[in-house]
Amino acid sequence: GKVWLNSPYVAMSFMASMTMLGTILIPAIFGTAALRDFRYGAHSISLSFPVKKHEYFFGHFVGATLVALVVFAAIPLAILIATWLPNMDVERFGPVRLWGLLAPYLLVVLPNLFFIGAFFYALAITSRRMVLSYVGGILLFIAYAFAVSTVSIDHALWASLTEPFASQA
């Protein structure tokens, strides 16, 4: 009750939680980017251009990462807009500091999207099936549940190192 709702601590916790919930959305973004050409049979045409295979796949990965970053930019934007809503208790909000919203986005959301997106992209490219990307999301969620369940004074370091969404760290 003594922490402002727009504090960097609350923003970082909220962004980590939203990234965890985003494991439903991240495979759809990265898996679609990886498999669109294979699904419609256009990969033979796309790969016949004078572009190397790794450049082609890296371009798709970068594009999917940029789309995911734009989608997840709604999280700090929502926190910022919430401070100005008319029915909010103004005493629960502190001063608006953009760096307090941008820093958690850069420290939590950006690395999570990059590594989790790379995981789902690699699953989709190697298997050429979207189902395995979603199974990978379930496995990441199980890893998160395991890391959270091992949180105690004795295992706090282990839990913060193994938890894939950085909410325990």
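In this predicted model, phenylalanine 61 and tyrosine 121 are both buried. The count of aromatic pairs comes to 5, and phenylalanine 61 with tyrosine 121 is one of the pairs described here. The centres of the two rings lie 5.5 Å apart, and their planes stand at 65 degrees; an angle over 60 degrees counts as edge-to-face, so the pair is assigned to that class. Phenylalanine 61 belongs to helix α4 and tyrosine 121 to helix α6, so the pair ties together parts that are 60 residues apart in sequence.

A further ring pair is formed by phenylalanine 119 and phenylalanine 120, with centres 5.5 Å apart and planes at 55 degrees, so this pair is tilted.

The packing of the helices was examined next. Two packed helices are described by the angle between their axes and by the distance between those axes. Helix α4, which spans residues 53-72, and helix α5, residues 74-82, have axes that come within 5 Å and cross at roughly 15 degrees. Angles under 35 degrees count as roughly parallel, so α4 is roughly parallel to α5. On the α4 side the contact is made by Val70, Val71 and Phe72, and on the α5 side by Ala74, Ile75 and Pro76. The residues of this contact comprise 6 nonpolar, no polar and no charged.

Helix α5 also packs against helix α6, residues 98-127, at an angle of about 155 degrees and with the axes 10 Å apart. Because an angle over 145 degrees counts as roughly antiparallel, α5 and α6 are placed in that class. The crossing of α5 past α6 is right-handed. Pro76, Ile79 and Leu80 of α5 meet Leu98, Leu101 and Tyr105 of α6 in this contact. Here too the residues divide into 6 nonpolar, no polar and no charged. Pro76 of α5 takes part in the contact with α4 and also in the contact with α6.

Definitions and conventions: Residues numbered from 1 in each chain as written. Predicted model: local features only at pLDDT ≥ 70, side-chain atom pairs only at ≥ 80, totals over all residues. Heavy atoms only, no water. Axes fitted to C-alpha atoms, helices over the stretch in contact; angles between N-to-C directions. Helix = DSSP H or I, 4+ residues; strand = E, 2+ residues; numbered from the N terminus. Parallel < 35°, antiparallel > 145°, perpendicular 65-115°, else oblique. Contact = heavy atoms within 4.5 Å. Nonpolar A, V, L, I, M, F, W, Y, C, P; charged D, E, K, R; others polar. Left-handed = near helix turned anticlockwise from the far one by under 90°. Phe/Tyr/Trp six-rings, centres within 6.5 Å; stacked < 30°, edge-to-face > 60°. Buried < 20%, exposed > 50% of the residue type's maximum accessible area, 1.4 Å probe, protein only.
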